[in-house]
Amino acid sequence: MTASPTAAAWSAERPWRGIMVATALPLRADLSVDYDAYAAHVRRLLDNGCDGVVPNGSLGEYQTLTDEERARVVRTAVAAAGDGARVMPGVAAYGSAAARRWAEQAAEEGCGSVLLLPPNAYRADESAVRAHYAEVARAGLPIVAYNNPVDTKVDLTPALLARLHGEGGVVAVKEFSGDVRRAYQIAELAPELDLLVGADDVLLELALAGAVGWVAGYPNAFPVACAALYRAAAARDLDTALPLYRSLHPLLRWDSRTEFVQAIKASMDLVGGHGGPTRPPRLPLPDPAAAEVRAATEKAVAAGHG
């Protein structure tokens with residue numbers, strides 16, 4: 001897999017490429033959704049070097065939203081972005097029919113693509129995974145598969161991804177397994193399938209291996225620095241990328257930890273954004289973790305990344 005800087009850039013033809021930020025969802029103290037703050041957040045991300053947004057992903061706490069809230073989050077993102085192609089909603093659901101309905105809603109709002117987990121209510125076998133992606137593909141939007149075997153207990157292996165791509169079910173994969181070796185297997189088995197960085201703390205490794213996009217977490221707090229890091233990594237400009245990566249990695253690692261939502265929201269609040277609390281069952285960060293996030297965030301700000 002050999003991705004050029006151009007191939008790793010966003011385009012209307014391939015709107016899942018580039019930096020697509022998995023957006024945190026600002027909540028008020030009473031845990032209601034602050035849609036105005038969310039709209040402002042989307043605009044801030046796009047104005048500061050990010051290419052698009054991914055509402056209703058895990059970072060957006062989609063599992064805790066009502067259907068009305070979830071639909072309104074997508075509408076808010078599209079209106080704030082000013083271009084539905086820059087919005088890639090997460091459409092995960094326990095049932096394939098429900099996931100398809102969320103994909104159809106995304107299509108109605110003019111979104112450019114959708115992000116889809118495999119079935120995650122149980123440990124689905126390959127035939128169920130293939131049927132699930134085929135059903136959601138009927139909505140007509142390009143699908144980015146989301147491989148998160150730790151949380152879903154379903155592993156989208158390179159061989160299975162190649163089958164899904166060959167069957168027309170997916171155009172790309174958000175690879176969150178943390179195993180950077182898979183980049184090369186995916187390129188061998190499905191050279192036309194786009195590889196997207198799925199975990200912030202393997203960004204540089206996967207960019208060098210040919211990733212053409214980043215479904216990103218920490219740009220919620222540090223969009224300018226993360227955009228500079230991604231573009232340097234995609235260009236294989238190690239003189240620029242490596243110091244940035246080392247400086248930001250204490251924060252980027254949080255994206256692969258259980259408390260990633262709380263950590264990223266805490267950093268957003270510390271840099272003057274609006275993250276707010278999380279909905280149960282997520283609880284506030286315990287004191288040691290909160291202190292760790294605060295120290296890493298303050299260090300990043302002091303380094304000029306704020």
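**The largest pocket and its surroundings**

Mentor: Among the secondary-structure elements, H5 gives the most to the lining of the largest pocket, with three residues. This is a predicted model, in which local features need pLDDT of at least 70 and side-chain atom pairs count only at pLDDT 80 or more, while totals for chains, interfaces and linings use all residues. Residues are numbered from 1 along each chain as its sequence is written, and side-chain values use heavy atoms, with hydrogens and water left out.

A pocket here is an open set of points on a 1 Å grid over the protein atoms alone, where a 1.4 Å probe fits and protein lies on both sides within 12 Å along at least five of seven lines; lining residues have an atom within 4 Å of a point. The largest pocket holds about 850 Å³ of space, a volume being the space filled by probe spheres set on the points, which are joined across faces, edges and corners. Its lining comprises 43 residues, and those nearest the centre are Ser58, Gln63, Leu117, Asn148 and Asp151. At least two lining residues come from each of helix H2 (67-81), strand S3 (114-116), helix H5 (149-152) and strand S7 (213-216), where helices (H or I, at least four residues) and strands (E, at least two) are DSSP runs numbered from the N terminus. By class, 20 of the lining residues are nonpolar, 15 polar and eight charged, with Ala, Val, Leu, Ile, Met, Phe, Trp, Tyr, Cys and Pro counted as nonpolar, Asp, Glu, Lys and Arg as charged, and the others, Gly among them, as polar.

Leu117, one of the residues nearest the pocket centre, is also touched by Tyr133, whose other partners include Leu116, Pro118, Ile143 and Tyr146, leaving aside residues up to four places away in sequence; contact means heavy atoms within 4.5 Å. Tyr133 and Tyr218 touch the most other members of the largest nonpolar core, which has 113 residues. Helix H9 (residues 223-234) supplies the largest share of this core, eight residues. Such a core is a set of buried Ala, Val, Leu, Ile, Met, Phe, Trp, Tyr and Cys residues joined through side-chain atoms within 4.5 Å, and buried means under 20% relative accessible area with a 1.4 Å probe and protein chains only.

For comparison, the second largest pocket has a volume of about 260 Å³ and a lining of 14 residues, with Gln262, Lys265, Ala266, Asp269 and Leu285 nearest its centre. H11 provides the largest share of that lining, five residues.

How values were computed:
Buried < 20%, exposed > 50% of the residue type's maximum accessible area, 1.4 Å probe, protein only.
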